[in-house]
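Trainee: I am new to this structure and would like to learn how to read its strands and sheets. Please show it to me first.

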Amino acid sequence: MEALAIQRKAEQNRELKERLLQLKKERNAIILAHYYQRDEVQEVADFRGDSFLLAQKAAQTDADVIVFCGVHFMGESAKILAPNKTVIIPDERAGCPMADMVNVEGLRALKRQHPNAKVVAYINTSADVKSETDICCTSANAINVINSVDSDEIIWVPDKNLGDYVSKFTSKKVIIWEGYCNTHDMLTVKDVEEMRAQYPNAQFVVHPECRPEVVKLGDFVGSTTAIIKYCKESDCKEFIVGTEDGTGYQLRLDSPDKQFHFATKYLVCPNMKVNNLKKIVKCLETMQPEIYVPEDVADKARLSLERMLQVK
């Protein structure tokens, strides 16, 4: 029975992929997938990447339609950077709890308390929050962005863990908002110590969205892209991975001869995982749900995103 079910699933996926290719051609569409997506989604993507790379691809594409397989704020960023394109997402329920932890009213109040500070917002924020921001950043370029800002005082939103990490690489005063990523924040020192005991030859690679005491244990600390690059280029053959488990797809693809152990089975973002192959096909058939960003919000938010893309 199980073999039959696997066979049926494979046949269904083959049909969905054929339909997807046909729809992409008809719509002149491009599929962007974040590294935290399911394997089946990453497999059909034209580009896989972190928030930064996918924002760049959205800004540069010649396609008429962008299918963004990620969470809602990523679709918004694509729409802001490519306002003349149609941006659709497979499931509009794919939100980001961290992005929801900061709102415009709270940010404005903090700006009033620190009138000389510049606001650096992690890309994991809503379009409304980006419109109140001087410059955006991702985990890949956060340190460079903070140091590029012409101010000695920075308001950092919303991730306190990443904020703590980047504050160690600047002489600026960093005022940190109290948000966090539910998935990365779950990882504990105990989890890492248990894995190290089990896999003594493995290196621990960790994302700076994890808690500071966990990040301290890292043999390598970096963004999702940086972790993937490090593991690919390292002579080490075994890794304990401290980031979302969707990253495993690219890690295994790049280094089939290496072993990857995720630091806990809970490193799964439920919002990233709501997208699947069937939903991608459906959203291209119906051209829904479409991402809209009000023009006045988009114009302000675009400035903060474009400034980010200019930072070397």
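Trainee: Which residue stands opposite V206 in strand 11?

Mentor: Keep in mind that this is a predicted model. In general, the strands of a sheet pair through backbone hydrogen bonds, in a parallel or an antiparallel way. Here, V206 faces G242 of strand 11. Strand 9 (residues 203-206) and strand 11 (residues 238-242) run parallel and are joined by four bridges.

Trainee: Which residue of strand 10 is the bridge partner of V205?

Mentor: That partner is F220. Strand 10 (residues 220-221) pairs with strand 9 over two bridges, again in the parallel sense.

Trainee: What is the order of the strands in the open sheet of four?

Mentor: The order is 6-5-7-8, and the pairing is parallel.

Trainee: How many bridges pair strand 5 with strand 6?

Mentor: Three, in the parallel sense, with strand 5 covering residues 118-122. Y122 is the residue opposite C137 of strand 6.

Trainee: Which strands does helix 9 touch where it packs on the sheet?

Mentor: Helix 9 (residues 160-167) touches strand 5, strand 7 and strand 8, and its direction makes about 170 degrees with that of strand 8. Helix 6 (residues 104-113) also lies across strand 5, strand 7 (153-157) and strand 8, and runs at about 165 degrees to strand 7.

Terms used:
Residues numbered from 1 in each chain as written. Predicted model: local features only at pLDDT ≥ 70, side-chain atom pairs only at ≥ 80, totals over all residues. Heavy atoms only, no water. Pairing = 2+ DSSP bridges. Contact = heavy atoms within 4.5 Å. Axes fitted to C-alpha atoms, helices over the stretch in contact; angles between N-to-C directions.
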